[in-house]
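Hi there,

Here is the structure I said I would pass on to you. Have a look at it first, and then read my notes below.

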Amino acid sequence: MVFVDDMEAPFGRMRLCHMIADSHEELMAMAATIGIQSRWLQHSGTYKEHFDVSMGKRALALQHGAQAITWEDLAEKVAQRRA
């Protein structure tokens with residue numbers, strides 16, 4: 001499953017959120033589906049692996065089956081991965 005959080009961190013004129021997944025393969029497949037370059041992957045191969053995505057890409061991810069979660073939910077998922 002792929003998840004996108006509700007954080008809206010400012011980055012220039014854009015707002016960004018996080019996209020994570022249960023597996024590396026799911027994350028990369030969604031990135032390809034919504035047009036995110038694989039080179040933008042952050043913390044590859046670690047429990048913190050994610051993409052920062054714009055609100056437009058977030059909407060596309062949701063249209064393609066990603067689940068909306070809160071920023072707090074995402075932090076909990078990352079903490080569980082770390083453990």
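Before the notes, one cut-off: a residue is called buried when its relative accessible area is under 20%, exposed when that value is over 50%, and partly exposed in between. Please also keep in mind that this is a predicted model.

His-50 sits in the loop between helix 1 (24-34) and strand 4 (51-54). Is His-50 buried or exposed? Its relative accessible area is 11%, and because the cut-off for buried is under 20%, His-50 counts as buried.

The side chain of His-50 has two polar partners to look at. One is the backbone oxygen of Lys-48, which the His-50 side chain reaches at 2.8 Å. The other is the side chain of Asp-52, with a polar contact at 3.1 Å. If you set aside the neighbours within four places in sequence, the residues in contact with His-50 are His-18, Met-19, Ile-20, Leu-27, Trp-40, Leu-41, Gln-42 and His-43.

Now for the protein as a whole. It has 3 helices and 5 strands, and from the N terminus the order is β-β-β-α-β-α-β-α. For 83 residues, a compact globule would have a radius of gyration near 12 Å, and the protein agrees with this at 12 Å. Along the principal axes, its C-alpha atoms fill a box of roughly 35 × 25 × 20 Å.

A few totals to finish. Of the 83 residues, 33% count as buried. When contacts between residues at least 6 apart in sequence are considered, 55% join residues at least 24 apart. The accessible surface is about 5,100 Å², and carbon and sulfur atoms account for 53% of that. There are 9 positive and 11 negative charges, and their mean positions lie 8 Å apart.

Best wishes

Key:
Residues numbered from 1 in each chain as written. Predicted model: local features only at pLDDT ≥ 70, side-chain atom pairs only at ≥ 80, totals over all residues. Heavy atoms only, no water. Helix = DSSP H or I, 4+ residues; strand = E, 2+ residues; numbered from the N terminus. Rg over C-alpha atoms; globule rule 2.2 N^0.38 Å. Buried < 20%, exposed > 50% of the residue type's maximum accessible area, 1.4 Å probe, protein only. Contact = heavy atoms within 4.5 Å. Areas by Shrake-Rupley, 256 points an atom, 1.4 Å probe, with all protein chains shown as cover. Lys, Arg positive; Asp, Glu negative; His and termini not counted. Charge placed at Lys NZ, Arg CZ, Asp CG, Glu CD. Polar contact = N/O pair within 3.5 Å; in protein donor to acceptor, adjacent residues only side chain to side chain.
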